[in-house]
Every structure is written in structure tokens, then in C-alpha cells.
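Have your viewer open and your selection tool ready. We will visit a sheet and then a space inside the protein.

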Amino acid sequence: MVLQQIWLQRTFDTSAIPRQFRILGQLMAGAAATERFRQRYGLRPAQFAVVMMHLAADAGDQLDRPSLSELRPGTSRIPEHWAAVRRILNRTVPQLHRDFADMEARNTPAEIEVCEQSPLVRTPFLSSRNLGPVCIHPILLFRMLETVLFDLSRAIDPRPFMNEFGPAFESYLAEVMEDLNAQVIRENELSQCLVGPGQVVDFAVISDEALVLIDAKGIEG
């Protein structure tokens, strides 16, 4: 049980929401996955990310963490977007019971399980008849915020999403590596240098007499 919970107990990654916004909200803005997201959830990934930033800032206000409060975006709250997010993230106790029952039916045996996912990370709010949405615990909220856009997008249809996410993730890595004081060679340039049939990696980085080969892998949160 200790091993299963340690991965939850880490500091909130404040770069996670901007990273999701950049990849899913901007680099994939014209992809079919973005339209599927809008049709399923009622708002675009970029709009969802703005609500996530407000949630992180709200948590900072409640927990007296100025570093989180400072994340509040300049974009005002749009009631329709918040209503859509509430429909996605809130659960009643009977709904949670059904989620747990479904998980129990396909769980890995406890004696070999190392890290067991919890449906509470996906839905860190309980719906209260008198109080509205109640956050179960801020750590659950933080874990949700770090991967929720990816998780929701992939849940619609994993294979076509990953086919579109892969190139966007590669482009994002290219942006990051542009800040390196090194020569970065992209896949298309490497392909032109290939002699005969075969495949190449996504990036080659040349720095201080070292040749670093990088293959971009976008994996589940």
C-alpha cells in the first residue's frame, strides 16, 4: 500500500498545464482529435486548460500557496466552460462505487501490483447536494491537473489520438531543444542522410563531441 501511494505524494508540477495547453491546445489545434474533444466535452482543449489554471490558482488561494495563486490566467471565467468542466470532473458517491467495482473486476492481484491507479485522480470532486463540488484532497486535484487534457483526449479514441499526438509532441520537444546550446538535427534531415532502407530517430543532438540520439515517446500520464 505504501508503494502504491508514494507516486501521489509529490509537488505539483506548475509547468504541466502550460505544457498541455501548448501541445493539445495549440500544436494540435487543427487536428481531428481537437474536434472530437469539443464534440465530446463541449469545449476545446485550450479553453479547458484555462479553467485548469483557474482551478490551480483557486487551490493556491485556499492553501495559502502564493506560487499557485500567481498562476491565475488573465482570461476571465466563462460560466459555460466551468459548467462543462463540472460535468466531466464531478462524481456522486454511487458513481464512484460503480467506478471502483469496474476497477476491482480487472485489477492486478495485490501481491504483484506496484502502482495502482485511482479513479479519484480522474475525478477529484464529489458532488454534494448542499455544498456543490467538494474537493476530496488537494493532492488528487494536483495529480488530475497534470495530465487531464491528455487523459480525456486519449479516452475518446486512443489510436487515432496517439497518431496525431505523436507529431505534435515531437514538435514540442523540438521547441524545447531549440534552447539548448547545441546543434539539433530533425528527423527529416536525418532521413535525407540515410543510406539505403531503414529508419531514423526523431532527433540527433551534437554537443561537446557527443552525439545524442533521441526518439520522442508520448506515453500515458
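Two strands pair here if DSSP finds at least two bridges between them; strands (E, at least two residues) and helices (H or I, at least four) are DSSP runs, numbered from the N terminus. This is a predicted model, in which local features need pLDDT of at least 70, side-chain atom pairs count only at pLDDT 80 or more, and totals for chains, interfaces and linings use all residues. Residues are numbered from 1 along each chain as its sequence is written, and side-chain values use heavy atoms, leaving out hydrogens and water.

Start with the open sheet: its three strands lie in the order E1-E2-E3, with mixed pairing. Strand E1 (90–91) and E3 are at the edges with a single partner strand each, so one side of each has no neighbour in the sheet.

Next, select residues 125–128 (E2) and 132–135 (E3), antiparallel strands joined by four bridges. A hairpin of three residues links E2 to E3. Click on Leu126 to find its bridge partner in E3, Val134; then pick Ser127, which stands opposite Pro133 in E3.

Now for the cavity, a set of points on a 1 Å grid over the protein atoms alone where a 1.4 Å probe fits but cannot get out. The structure has one cavity of 30 Å³ or more, the volume being the space filled by probe spheres set on the points, which are joined across faces, edges and corners.

Which residues line the largest cavity? Select Leu24, Met28, Ala33, Thr34, Phe37, Pro45, Ser153 and Phe161; lining residues have an atom within 4 Å of a point. Finally, highlight helix H3 (residues 32–41), which gives the most to this lining, with three residues.

Key. On a 1 Å grid over the protein atoms alone, a cavity is a set of points where a 1.4 Å probe fits but cannot get out, and a pocket is an open set with protein on both sides within 12 Å along at least five of seven lines; lining residues have an atom within 4 Å of a point.
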